[in-house]
Amino acid sequence: MEVIGKDVTLGKVGAVYGIKGWLKIHSFTDDHEAILDYFPWSLKLGNKIQSVDITDWRKHNNGLVVKVAGIDDRDVAQKLVGSEIFVSEEALSDLPEGEFYWRDLIGMAVVTDKGYDLGQVSDIMETGANDVLVVKANLKDGFGKKERLIPYLMDQVILSISAEDKQICVDWDPGF
């Protein structure tokens, strides 16, 4: 999920599906159907933003197709293709203590358990085995690194996360 101000991007409108105005949806949520847990949706295409109501949905191959209220024509639906789907930050559910949305980790400082400042989280990648923090190194990094890829493995590599200090403590060799 990516943040737009106080709004959170949950996905993108793909191609038109069929002749009755259905749309394919590319969900950015871990569970693709979880995008349907967050409403109301707003669609952003260029500088144009509009709120939409979803009246129906169904699985299609590995994705979803949705029916937008008031759109019953393929040509009208085509105008929404490529739109970003976002919701207000308030639509997100509160997480249990110690759990974080990815968007909360972006920008946090990453420091080793020995006090070495590795840089800031610039992105998070999904891999088959585990997620990976992409850490942009400081300009004057003592090891000449520009970027580090650190596996997001709680209690193994990730020792603690402090939301208050915006800092992640890791057990990681700065030379790696």
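# Close-up views of a predicted model

View 1. In E7, valine 68 is the bridge partner of isoleucine 54. The model is predicted. E6 and E7 pair in the antiparallel sense, over 6 bridges. The two strands form a hairpin with 2 residues between them. Asparagine 61 sits in this turn and has a positive phi of about 50 degrees. E7 is also joined to E3, through 3 bridges, and these two strands run antiparallel. Here isoleucine 25 stands opposite leucine 64 in E7. Of the 6 residues of E7, 5 are buried, so the strand is largely enclosed by the rest of the structure.

**View 2. The largest nonpolar core.** This core has 23 residues. Leu23, Ile25, Ile35, Trp41, Val66 and Ile85 touch the most other members. Strand E2 (7-17), E3, E4, strand E7 (63-68) and strand E8 (84-88) each supply at least two residues. E2 gives the most, with 4 residues. In soluble globular proteins, nonpolar side chains tend to be buried together.

**View 3. Contacts of leucine 23.** Leaving out residues up to four places away in sequence, leucine 23 touches a set of residues that includes Val13, Ala15, Val16 and Tyr17. Leu64, Val65, Val66 and Val68 are also among the residues in contact with leucine 23.

View 4. The structure holds 4 salt bridges. In one of them, the side chains of lysine 59 and glutamate 33 meet at 3.1 Å, N to O. The pair links distant parts of the chain, 26 residues apart. Lysine 59 lies in strand E6 (residues 54-60). Glutamate 33 lies in the loop between strand E3 (22-27) and strand E4 (41-45). Lysine 59 counts as exposed, at 59% relative accessibility. Glutamate 33 counts as partly exposed, at 26%.

**View 5. Two further salt bridges.** Lysine 114 forms a salt bridge with aspartate 113, and their closest N and O atoms are 3.8 Å apart. Lysine 114 is exposed, with a relative accessible area of 72%. Aspartate 113 is partly exposed, with a value of 38%. Arginine 148 and aspartate 141 also meet through their side chains in a salt bridge, at 3.0 Å, N to O. Are arginine 148 and aspartate 141 buried or exposed? Both are buried.

**View 6. The open sheet of 6 strands.** The strand order is E12-E11-E10-E9-E14-E13, with mixed pairing. Strand E12 (147-151) and strand E13 (158-162) stand at the edges. Each has a single partner strand, so one side of each is left without a neighbour in the sheet. Neighbouring strands are turned by 35 degrees against each other on average, direction ignored. E13 and strand E14 (residues 167-170) pair in the antiparallel sense over 4 bridges. Serine 160 stands opposite cysteine 169 in E14. Strands of a sheet pair through backbone hydrogen bonds, either parallel or antiparallel.

**View 7. Backbone exceptions in loops.** Most residues other than glycine have a negative phi, and most peptide bonds are trans. The peptide bond from phenylalanine 39 to proline 40 is cis, with omega near 0 degrees. Proline 40 is found in the loop between E3 and E4. Aspartate 155 has a positive phi, near 70 degrees. Its place is the loop between E12 and E13. Aspartate 155 counts as exposed, at 66% relative accessibility. Lysine 166 has a positive phi too, near 55 degrees. Lysine 166 is in the loop between E13 and E14. This lysine is partly exposed, with a relative accessible area of 44%.

**View 8. The whole chain, for orientation.** The secondary structure comes to 2 helices and 14 strands. The radius of gyration is 20 Å, well over the 16 Å that the globule rule gives for 176 residues, so the chain is more spread out than a compact globule. Its C-alpha atoms fill a box of roughly 60 × 35 × 30 Å, taken along the principal axes. Of the 176 residues, 36% count as buried. Among contacts with a separation of 6 or more, 51% come from residues 24 or more positions apart.

Notes:
Residues numbered from 1 in each chain as written. Predicted model: local features only at pLDDT ≥ 70, side-chain atom pairs only at ≥ 80, totals over all residues. Heavy atoms only, no water. Buried < 20%, exposed > 50% of the residue type's maximum accessible area, 1.4 Å probe, protein only. Pairing = 2+ DSSP bridges. Axes fitted to C-alpha atoms, helices over the stretch in contact; angles between N-to-C directions. Core = buried A, V, L, I, M, F, W, Y, C linked by side-chain atoms within 4.5 Å. Contact = heavy atoms within 4.5 Å. Rg over C-alpha atoms; globule rule 2.2 N^0.38 Å.
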